[in-house]
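Open the model in your viewer and keep the selection panel at hand. The stops below go from one selection to the next.

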Amino acid sequence: MGDLSADLRPPEVALARLVASIPQPDALPGGCLYEPKWDGFRLVIVRDDAATLWSRQRKDLTRHFPELAAAAAQLPEGYVIDGEAVIWSDDRLDFDALQKRLTTSQSAIARLAHARPASYAAFDVLAIDGRDARPLRLRDRRTLLEQIAQDWTPPLNLSPVTTDYDEAARWFEDLPATGIEGLVVKAGGDRYQGGVRQWLKVKHRDTLDVVCAAVIGPRERPEELVIGLPLDGELRIVGRSAPLKSGAARALGAQLQPPAGTHPWPAQVKPSAVDRFNSSGRDLIDLTLIEPIVVEISADVAWSGRSFRHSVRYVRARPELQPSDVTAP
């Protein structure tokens with residue numbers, strides 16, 4: 001076995017770009033391979049002298065997932081596997097539990113790993129016996145990965161894949177009930193290109209009613225919506241919308257009114273209040289408070305039970321409904 005090259009310890013990972021619909025089987029070179037889009041942490045296993053776990057940003061996460069690091073010892077030296085770390089709770093993916101792994105003290109990690117163990121869904125192999133597998137076609141890498149995975153035991157698992165469009169469409173409709181976000185579609189003839197958005201992702205989205213009680217930008221021409229839901233007896237901020245298109249901003253702005261009385265939210269909030277998982281910076285965000293109204297949004301499955309992890313899309317105002325008519329998902 002040869003030593004792994006420096007750019008495999010750890011590698012830069014391939015990425016995906018969002019598309020609106022599931023591509024047809026012949027849409028990509030070498031045909032389409034359809035995979036579930038896991039709601040977890042991208043994690044690369046590097047099996048060198050020891051088994052280490054690396055994030056998409058090439059940060060060492062080994063200590064945060066001791067159960068996966070121990071399981072990765074099943075791999076021979078010189079192997080690099082790309083995949084996703086997930087945690088299941090009551091037959092549904094639990095991203096909150098993954099987040100806690102990064103914010104919990106080291107002394108408590110072992111307790112969390114025992115109480116809420118993580119699993120690993122492998123979908124690619126980047127090195128075998130110290131040899132770089134990235135120049136191989138995806139179909140060939142997948143064949144090798146399936147051979148490697150034959151002797152694995154949980155929590156190492158092989159992520160499913162299909163070339164059947166109808167089966168992929170069924171996955172897209174049925175799997176979101178378990179927290180699967182949609183599909184990732186890859187070209188069977190592609191080599192692995194780290195840092196390149198060479199894959200496609202299709203996210204499953206549902207529409208639902210929420211309460212908009214503030215906007216970012218002027219009330220007459222809002223830039224984004226700040227949305228809330230009734231939780232624990234209060235209207236709590238649960239996320240924000242993607243930037244509004246100019247026509248939608250003008251139409252909605254004509255319906256917005258200043259608060260008629262005491263407002264449930266402050267005029268300034270921390271970034272984490274409106275973007276809990278992806279916030280950056282410490283500057284407070286100014287909210288333009290409005291009289292709460294009901295709006296319909298389109299959201300993916302990344303609902304934590306307390307907030308939306310991704311921005312939502314504004315669909316329309318629902319003036320026929322009252323905020324008291326809205327319930328949490």
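Predicted model: local features only at pLDDT ≥ 70, side-chain atom pairs only at ≥ 80, totals over all residues.

Two strands count as paired when DSSP finds at least two bridges between them.

**Stop 1: the open sheet.** Select S14, S13, S12, S17 and S18, in that order. These five strands make up an open sheet with antiparallel pairing. In general, strands of a sheet pair through backbone hydrogen bonds.

**Stop 2: inside the sheet.** Now keep S12 (residues 205–216) and S17 (residues 288–300). They are antiparallel and share 10 bridges. Pick Leu 208; its bridge partner in S17 is Ile 297.

Stop 3: Move to S3 (41–47) and S4 (51–54). They form a hairpin, with three residues between the two strands. The strands run antiparallel and are joined by four bridges. Which residue of S4 is the bridge partner of Val 44? Select Trp 54 to see the pair. Next, show the side chains of S4. Ala 51 and Leu 53 are buried on one side, Thr 52 and Trp 54 on the other, and both faces of the strand are covered.

**Stop 4: the largest nonpolar core.** This core has 29 residues. Select Ile 45, Phe 65, Leu 68, Ile 81, Tyr 120 and Trp 152, which touch the most other members. Elements that each supply at least two residues include S3, S4, helix H1 (66–71), strand S5 (79–89) and helix H4 (138–149). S7 gives the largest share, five residues.

Centre on Phe 65. Beyond its neighbours within four places in sequence, Phe 65 is in contact with Phe 41, Leu 53, Leu 98, Arg 101 and Ala 118. Another core, of 26 residues, lies apart from this one; Leu 225, Ile 293, Val 294 and Ala 299 are among its members.

**Stop 5: helix H2.** Select residues 95–103, which form H2. Which residues of H2 are buried? They are Phe 95, Asp 96, Ala 97, Leu 98 and Arg 101. Their cover includes S3, H1, S5, strand S6 (92–93), helix H3 (106–115) and S7. An α-helix has 3.6 residues a turn, so residues three or four places apart point the same way.

Finish at the start of H2. There, a side-chain oxygen of Asp 94 comes to within 3.2 Å of the backbone nitrogen of Asp 96.

Methods: Residues numbered from 1 in each chain as written. Heavy atoms only, no water. Core = buried A, V, L, I, M, F, W, Y, C linked by side-chain atoms within 4.5 Å. Buried < 20%, exposed > 50% of the residue type's maximum accessible area, 1.4 Å probe, protein only. Contact = heavy atoms within 4.5 Å. Polar contact = N/O pair within 3.5 Å; in protein donor to acceptor, adjacent residues only side chain to side chain.
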